[in-house]
Amino acid sequence: AMAAFLLGLPTTQQIVRAADYSEYSKTYGFFVQDDWKVTQNLTLNLGLRWEVETPLVEKQNKSVSAFDFGYIQPSQAAARARLVTNPVIGYDGQPINPATFNVTGGLLFAGKDTGEGLYNTPKDTFLPRIGATYRLNDKTVLRGGFGLFAGFLGERRGDVIQPGYRQVTTRPTTLLASGAVIPQSMATFPTSISIIEPVGNAKGRQTSLGTGISFFNQNPEVSKQARFQFGIQRDLGWDYVLEAVYVGNYGYDIEISRNINALPNQYLNTDNSRTAAMTANNTNLGQQVANPFAGLADYAGTSFFNATIARSQLLRPFPNFGDITTSVNDGKSWYHSMQLSLNKRFSQGYTLGASYTWSKWLQQTEFLNAGDATPTKMISDQDTPHRLAISGIYELPFGKGAAYLNDVNGVVDRIVGGWQVGGVFQYQVGFPIPFGTNMFYNGGDISLS
């Protein structure tokens, strides 16, 4: 068992056929900006950006674009008939009602079912910027500002979705007594096994039935970050300047992934104490029951073609698919910080700088349970509450105009003069540990899953 785990030996040989694709998205930005000196002591910086982005386009029209939520699959009639003749007990101990067992939804392809673009893009991305500086006196300055920033959809959507344009053909392989695979040339792929060619979008809304799928949100928002700060800067004399600044950031309409075909929360056990009831609930959901899709041609080549299927699969919103992944703009983030800095201007051959940041970063970008209505709010995995940085530069006192060797000729001065020594020290609290599905148990043993 150990050898098999370490080697990870394959037991099949595969040929993969895939289609090429090319894609593009364009972005245009327009801006106006002006500095306005309102009074001798007050200056405003005013600006406005307008950004327009075209949808991502796959030039050969081979990509999935959307999902048809209302489409009734032809296999619905057969699945309902089987539930009548061979009832399946549902979660509540009662037979699943054939009349309400809906086999719906289907993938749509760009250029065939929808327009050329894979999604629509908003045209109202206006991003204001304002800054203000006020000189309180000869040694003190107040500064503040606000800006709205946006990300590009095309940056995050660099891949197309082509489930019908990739196909895998599998052949059995021969193993040695040790379990190792006997090397085989792909040129000797058995003629008795037909190479399965990609069918493209020919299956239309029957594409990828019985598997997990993904599609583009057709009307995405542009993720935005609202940044604001206010600070005071003070000249302490002796070439030292002290600055204290509050910096905040609020992110909204952040694009995050969502499985719209998750098992509804009503079937989840709310008892988190790992009791017998929780175990029984999980057993009930995972139990194999008669499969109403068994043997139907639309599901050939998938596990949905088998005689049995997990009870939980039949309770999903779209039981004819696995996970259905798309994007939503429900993500948010919050950042607050106090930033202190002390800097000495370069004089007398050296400069010093020190900065300290005390911050808190929260995010709401992940669903605790896939069926939750909203993502859960938590400490960000990039949160570092404390950060200290100290830096300095010292100019060595050699060469013309310096304390030592100031009377050397030009050649020697080029060798010994102008040297500087610098250093940086940084201290930062580490990022939170994302445990994910890892589990730790007391009692001497640690189990990771």
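This is a short chat about the predicted model shown above.

Visitor: What kind of model is this, and how are residues numbered?
Guide: It's a predicted model, so to speak of local features we need pLDDT of at least 70, side-chain atom pairs count only at pLDDT 80 or more, and totals for chains, interfaces and linings use all residues. Residues are numbered from 1 along each chain as its sequence is written, and side-chain values use heavy atoms, with hydrogens and water left out.

Visitor: What's the mean pLDDT of the chain?
Guide: The mean is 85, and 85% of the residues reach 70 or more. pLDDT is the predictor's confidence in each residue, from 0 to 100.

Visitor: Where is the pLDDT below 50?
Guide: Residues 1-20 are one such stretch, with 47 contacts in the model beyond near neighbours in sequence. Residues 439-449 are another, with twelve contacts of that kind. A contact means heavy atoms within 4.5 Å. Where pLDDT is low, the predicted coordinates should not be read in detail.

Visitor: OK, how many helices and strands are there?
Guide: The chain has six helices and 20 strands. Both are DSSP runs numbered from the N terminus: helices are H or I with at least four residues, strands are E with at least two.

Visitor: Which residues of helix H2 are buried?
Guide: In H2 (residues 75-85), they are Ser75, Gln76, Ala79 and Leu83. Buried means under 20% relative accessible area, exposed over 50%, and partly exposed in between (1.4 Å probe, protein chains only).

Visitor: Why are they on the same side of H2?
Guide: Because they cover an arc of only 105 degrees around the axis. That arc is taken from the directions from the helix axis to the C-beta atoms.

Visitor: What do they pack against?
Guide: The buried residues of H2 pack against strand E6 (64-72) and strand E7 (104-109). The face turned away from that buried side carries the exposed residues Ala77, Val84 and Thr85.

Visitor: New topic: which residues form the nonpolar patch on the surface?
Guide: Tyr28, Phe30, Val32, Leu48, Trp50 and Phe126 form it, with about 590 Å² of accessible area together. Strand E3 (27-37) and strand E4 (42-53) each give two or more residues, and E3 gives the most, with three.

Visitor: Is Leu48 there counted as buried or partly exposed?
Guide: Leu48, in strand E4, counts as partly exposed because its relative accessibility is 37%.

Visitor: And how much of the whole chain is buried?
Guide: Of its 449 residues, 32% count as buried.

Methods:
Patch = residues over 30% accessible without salt bridge, like charges linked within 9 Å, V, L, I, M, F, W, Y side chains within 5 Å. Areas by Shrake-Rupley, 256 points an atom, 1.4 Å probe, with all protein chains shown as cover. Salt bridge = Lys/Arg side-chain N within 4 Å of Asp/Glu carboxyl O.
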